[in-house]
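Subject: Structure handover

Hi,

Here is the structure for you to look over. My notes follow below it.

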Amino acid sequence: MSVRWVLVLFIAAASGACGSPSERDPGAADDWAGWSLDEPLVRPDFVLTDVDGEPFDFAAETEGALALLFFGYTHCPDVCPVQMANLAEVLRDLPFELSSHVMVVFVTTDPDRDTPERMREWLGRMHPDFIGLRGSLEEVRAIQAGLGLPPPAIEEDDESGDYFVGHAAQVIAFEPDGPARRVYPYGIRQRDWLRDIPRLLGEAGGG
Amino acid sequence: MQWWCAAQGVPWDWTWRPYPGVWLFVALLGGVYTVGGWRHRARYGTWDAPTKAFWSGVLVLWLALDWPVGALGAGYLASVHMLQFLLISLVAPPLILLGVRPLVRAEANVWQRAVARRATHPITTLAVFTIILSATHWPPLVDALMVTQVGSLALDLAWLLGGLVFWWPVIVPVPKRLWLGPPARIGYLVAATLVNTGVFAFLTFSDLPVYAIYELAPPIGSLSTRDDQRLAGLVMKMGGAVVLWTAITILFFRWFFEDERIERSFPLRADR
């Protein structure tokens, strides 16, 4: 290999390390990151208790907004903190005129350990606008069944008294016009959300 | 059980895990060195500076590859992944080369024939290092490799190979290049402080997480993915600078004292 070729490769490598800006442009791709549903899900009508102890009517409170509904628990070691942290970062990135129309609603599947105080503290660390809801396990099971989600599965305690709760990992995106046409499984990245949220907000209006 | 650290996607805990592939690799390196030393009986069994340097390099390598650094870097934190890169490509190789230098010198003729002269030319070695550095931090490649043990091993070996190639002209004077004295070697290392700037800027100034593997990894502590990535960029830039400028300082003072020694041995008498 001649020194000339070495220099060419050197320059190519040094400049190529920065990647293509279009790879990181959320608006560059046309495809959706969320999975399209065959039948749109109707926005559920349920009332649970928020972290301040007040009743929260999901359908009424989120009307006209993009409601991102997630079922999880604060002791979750992987899926829940990743999904919530990524959404929080993305909401901070979005311009206020968009982010102010997005509501992230976290319903606990572990009401025994997820006290209002713990949920307030855990969700507050992610994003101050995240909404945490609690209900009995039966209520949560009924809501999930209505959305076609598997019920939470509480595993046996380990030696330290800790336990895992198996739960659906997807975020359901109820669009401003009412139904959810897409769900976002675990593995969705921040760049995916940044691309899809503006379109989810605009889709109802044909955007 | 894993034999080499790779991303598993399971929550992190501080339970120790064995990685036999790492142990085998480290033992293999040590074994080859011991056999090489045995071939040169005059040096065999001595605990001299090169031997100490070699085993220090192996120790650094082992720490970088084994639990917990290897496991954390493989699947949880980009900043630890970058620390691994530093240790494997910038810290361990010069120590290992200091250790093998006497053996290479003893076999200089063989080496000169076996290794193409151009392969160890400073321009070539700097280019090879830059290419390896850039390629092994390219997000699609990292995301693809780090999820398998073979891929993770390939990345670690590429870093080690890149580091050995990079440090060769500075540490091993084979083949002999009269022009590659201390000033040229200092210039080479100064140039090397610039080659990671692209990757550093890419990581530090990216608006979004660039590696899926760390973005979707089970979290550790309260460090956000973006902060972890910025920290990774800083570790690369600042850590690399510390290593390279330490080497530059050592080279400079050796050169300075060597000049002084020569002047004392052969004083100029032009005043009469």
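Two strands count as paired if DSSP finds at least two bridges between them. Keep that cut-off in mind for what follows. Note also that this is a predicted model.

In chain A, strand β5 (residues 102-108) and strand β6 (residues 131-134) are joined by three bridges. The two strands run parallel. Within this pair, A:V107 sits opposite A:L133 of β6(A).

Both strands belong to an open sheet of eight strands in chain A. The order is β1-β10-β9-β4-β5-β6-β2-β3, with mixed pairing. On average, neighbouring strands are turned by 35° against each other, direction ignored.

Helix α5 (residues 116-126) of chain A lies across β5 and β6 of chain A. Helix α5 runs at about 155° to β6(A).

Now the core. The largest nonpolar core has 124 residues. Which of them touch the most other members? They are A:L68, A:V105, A:F106 and A:A173. Helix α4 (residues 78-106) of chain B gives the largest share of this core, 16 residues.

One residue in detail: A:F106. Neighbours within four places in sequence aside, A:F106 is in contact with A:F70, A:G72, A:M84, A:L123, A:F130, A:I131, A:G132 and A:L133.

Best regards

Conventions:
Residues are numbered from 1 along each chain as its sequence is written. Chains are lettered from A and ligands numbered from 1 in the order in which they are written. This is a predicted model: local features need pLDDT of at least 70, side-chain atom pairs count only at pLDDT 80 or more; totals for chains, interfaces and linings use all residues. Helices (H or I, at least four residues) and strands (E, at least two) are DSSP runs, numbered from the N terminus. Axes are lines fitted to C-alpha atoms, for helices over the stretch in contact, and angles run from 0 to 180 degrees between N-to-C directions. Two residues are in contact if their C-beta atoms, placed from the backbone, lie within 7 Å. A nonpolar core is a set of buried Ala, Val, Leu, Ile, Met, Phe, Trp, Tyr and Cys residues joined through C-beta atoms within 7 Å. A residue is buried if 20 or more other C-beta atoms lie within 10 Å of its own, exposed if 12 or fewer, and partly exposed in between; C-beta atoms are placed from the backbone.
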